[in-house]
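Subject: The structure we talked about

Hi,

Here is the structure I promised to send over. Have a look at it first, and then read on for my notes.

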Amino acid sequence: MSANPKTVIPHTKLKVTQIGNSLGVILPKEMISELGIGKGDELFVTKSPEGHVVSANDPAFEEQMTAVRQIMREYRNTLRELAK
């Protein structure tokens, strides 16, 4: 369950910290819950006109699903016949 991009979310200030030889941020538990993520899950960062958007949803997969839904609507009757 990820945040709806149209939902107004209050700004959350995250501090960058050293984690081994890398840098990272610690997400508050409320944000983890809202994103529906857990240890080992992947997050996706997408550049937008407003800055960067962090999401638990893969934007490439979402684009593919949009195309599939369009095809399914267009060929609804054909797919129904093939399913018989």
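Accessible areas here come from the Shrake-Rupley method with a 1.4 Å probe. On that basis, the protein chain exposes about 7,800 Å², and carbon and sulfur atoms supply 57% of that area. Please keep in mind that this is a predicted model.

**Confidence**

The mean pLDDT of the protein chain is 84, and 88% of its residues reach 70 or more. Among the elements, β1 has the highest mean pLDDT, at 94, while β4 has the lowest, at 83.

**Overall layout**

You will find three helices and four strands in the protein chain. Starting from the N terminus, the order is β-β-α-β-β-α-α. Of the 84 residues, 6% are buried. Looking at contacts with a separation of 6 or more, 20% are between residues 24 or more positions apart.

**The two strand pairs**

Let me start with β1 and β2. Strand β1 covers residues 16–19 and strand β2 covers residues 22–25; the two run antiparallel and are joined by four bridges. One of the pairings to look for is I19, whose bridge partner in β2 is S22. The hairpin of β1 and β2 has two residues between the strands, and G20 in this hairpin takes a positive phi near 65 degrees.

If you set aside the neighbours within four places in sequence, L23 is in contact with V16, T17 and Q18.

The other pair is β3 (residues 44–48) with β4 (residues 51–55). These strands are also antiparallel, and five bridges hold the pairing. Here F44 has S55 of β4 as its bridge partner. A hairpin of two residues leads from β3 to β4.

Which residues make the nonpolar surface patch? They are V68, I71, M72, Y75, L79 and L82, and the patch comes to about 580 Å². Helices α2 (59–74) and α3 (76–83) each supply at least two of its residues, with α2 giving the largest share, at three.

**The salt bridge**

How many salt bridges does a search of the whole structure find? There is one. In it, the side chains of K84 and E81 meet, at 3.2 Å from N to O. Are these two residues buried or exposed? K84 is exposed, with a relative accessible area of 74%, and E81 is also exposed, at 51%. Both count as exposed because the cut-off is over 50%.

If you open the model, I would begin with the hairpin of β1 and β2, then turn to the nonpolar patch, and finish with K84 and E81.

Best wishes

Notes. Residues are numbered from 1 along each chain as its sequence is written. This is a predicted model: local features need pLDDT of at least 70, side-chain atom pairs count only at pLDDT 80 or more; totals for chains, interfaces and linings use all residues. Side-chain values use heavy atoms; hydrogens and water are left out. A salt bridge is a side-chain nitrogen of Lys or Arg within 4 Å of a carboxyl oxygen of Asp or Glu. Buried means under 20% relative accessible area, exposed over 50%, partly exposed in between (1.4 Å probe, protein chains only). Patches are made of residues with over 30% relative accessible area and no salt bridge: like charges are joined within 9 Å, nonpolar side chains (Val, Leu, Ile, Met, Phe, Trp, Tyr) within 5 Å. Two strands pair if DSSP finds at least two bridges between them. Contact means heavy atoms within 4.5 Å. pLDDT is the predictor's confidence in each residue, from 0 to 100.
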